[in-house]
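This report goes through one protein model, from its sheets to the packing of its helices. Please keep the sequence and the structure at hand while reading.

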Amino acid sequence: MHIIMFTHETDIATALPSACFLDSHVECLTPTPSSYSAIDRADVVMVDARGDLMRARALCQLLSGPMDCGPILVVLEEGGAAVVQPDWGASDFVMSGASPAELAARLRLLRTHTTVLEPVNDDRIEVGELVIDTTAYTARIRGTLIDLTYKEFELLKYLALNPGRVLTRDALLDEVWGENYIGGSRTVDVHIRRLRAKLGTEHDYLIGTVRNVGYRLEAPTEP
């Protein structure tokens, strides 16, 4: 199991002592936008809420909402449980002084209830009026063909496969340009700008920006 913990502590023994006895390693990351792409490789995400409950709440809502994170376990100090509500988006919580056995049990239960999504094999992706044909490498908006380069097409396709989900620049770089790409995240910004220009002023809103995090394809809302 791969576990990450968003915390300002650099040592897991300080943030959650019982985690030192887990069979799985816990990777400690600072709760900043540059670290958020790590959720894509995590089975469980832990959020350290001991120091600032409101900031922890905002982070949980970001991860579980726009970023479509997996199960989230909130780490609290005594008394913090009174503040946690369903709108946090967390799956469970654990006290910082919990025993290793309790922590391990909570993590096992979270893994048990994690839904495994089947890969998408369809050669046609539809998001509102945007239609992408992955076999013909074409994209149309309201039936009008969009003239895209290969990278622009791959970028739009990946966004369309995750409608409404915030994708970090690092995640987009890895998926579209490959993990060995040596360019910076500005490459993503340039291609997003070109995509918006080709969508036109009537449809450029479809690609939304989440400040300091990344981009998402706006999923259509029900009438």
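The structure is a predicted model, in which local features need pLDDT of at least 70 and side-chain atom pairs count only at pLDDT 80 or more, while totals for chains, interfaces and linings use all residues. Residues are numbered from 1 along each chain as its sequence is written, and side-chain values use heavy atoms, with hydrogens and water left out.

**The parallel sheet**

Helices (H or I, at least four residues) and strands (E, at least two) are DSSP runs, numbered from the N terminus. Two strands pair if DSSP finds at least two bridges between them. An open sheet with parallel pairing has 5 strands in the order 2-1-3-4-5. Strand 2 and strand 5 (92–95) are at its edges; each has a single partner strand, so one side of each is left without a neighbour in the sheet. From one strand to the next, the twist averages 25°.

Strand 3 and strand 4 (residues 72–76) run parallel and are joined by 4 bridges. In strand 4, valine 75 is the bridge partner of aspartate 48. Helix 2 (residues 53–64) packs on this sheet and touches strand 1 (3–6), strand 3 and strand 4, and its direction makes about 160° with that of strand 3. Contact means heavy atoms within 4.5 Å. Axes are lines fitted to C-alpha atoms, for helices over the stretch in contact, and angles run from 0 to 180 degrees between N-to-C directions.

Another open sheet is formed by 4 strands in the order 6-7-8-9, with antiparallel pairing. Strand 6 (124–127) and strand 9 (144–145) are its edges; each has a single partner strand, so one side of each has no neighbour in the sheet. Helix 4 (residues 150–161) packs on the sheet, where it touches strand 6, strand 7 (130–133) and strand 8, and its direction makes about 115° with that of strand 7.

Strand 6 pairs with strand 7 in the antiparallel sense over 4 bridges. Strand 6 has Ile125 and Val127 on a covered face, and Arg124 and Glu126 on an uncovered one. At the other end of the order, strand 8 (residues 138–141) pairs with strand 9 over 2 bridges, also in the antiparallel sense. There, arginine 140 has leucine 145 of strand 9 as its bridge partner.

Which residues of helix 5 (residues 169–177) are buried? They are Arg169, Ala171, Leu172, Leu173, Val176 and Trp177. Buried means under 20% relative accessible area, exposed over 50%, and partly exposed in between (1.4 Å probe, protein chains only). The cover over these buried residues includes helix 4, strand 10 (167–168), helix 6 (186–199) and strand 12 (214–217).

Two packed helices are described by the angle between their axes and the distance between the axes. The table gives these values for two pairs.

| Helix pair | Angle | Axis distance |
|---|---|---|
| Helix 4 and helix 5 | about 125° | 10 Å |
| Helix 5 and helix 6 | about 80° | 9 Å |

Angles under 35 degrees count as roughly parallel, over 145 as roughly antiparallel, 65 to 115 as roughly perpendicular and the rest as oblique. Helix 5 is therefore roughly perpendicular to helix 6. The contact is made by Arg169, Leu172, Leu173 and Trp177 of helix 5 with Thr187, Val188, Asp189 and His191 of helix 6.

For the other pair, Lys151, Glu154, Leu155, Tyr158 and Leu159 in helix 4 meet Ala171, Leu172, Glu175, Val176 and Trp177 in helix 5.

**Two loop residues**

Serine 37 lies in the loop between strand 2 (26–29) and strand 3 (44–48). Serine 37 is buried, with a relative accessible area of 19%. Leaving out residues up to four places away in sequence, serine 37 touches Thr168, Asp170 and Ala171.

Glutamate 179 lies in the loop between helix 5 and helix 6. With a relative accessible area of 68%, glutamate 179 is exposed.
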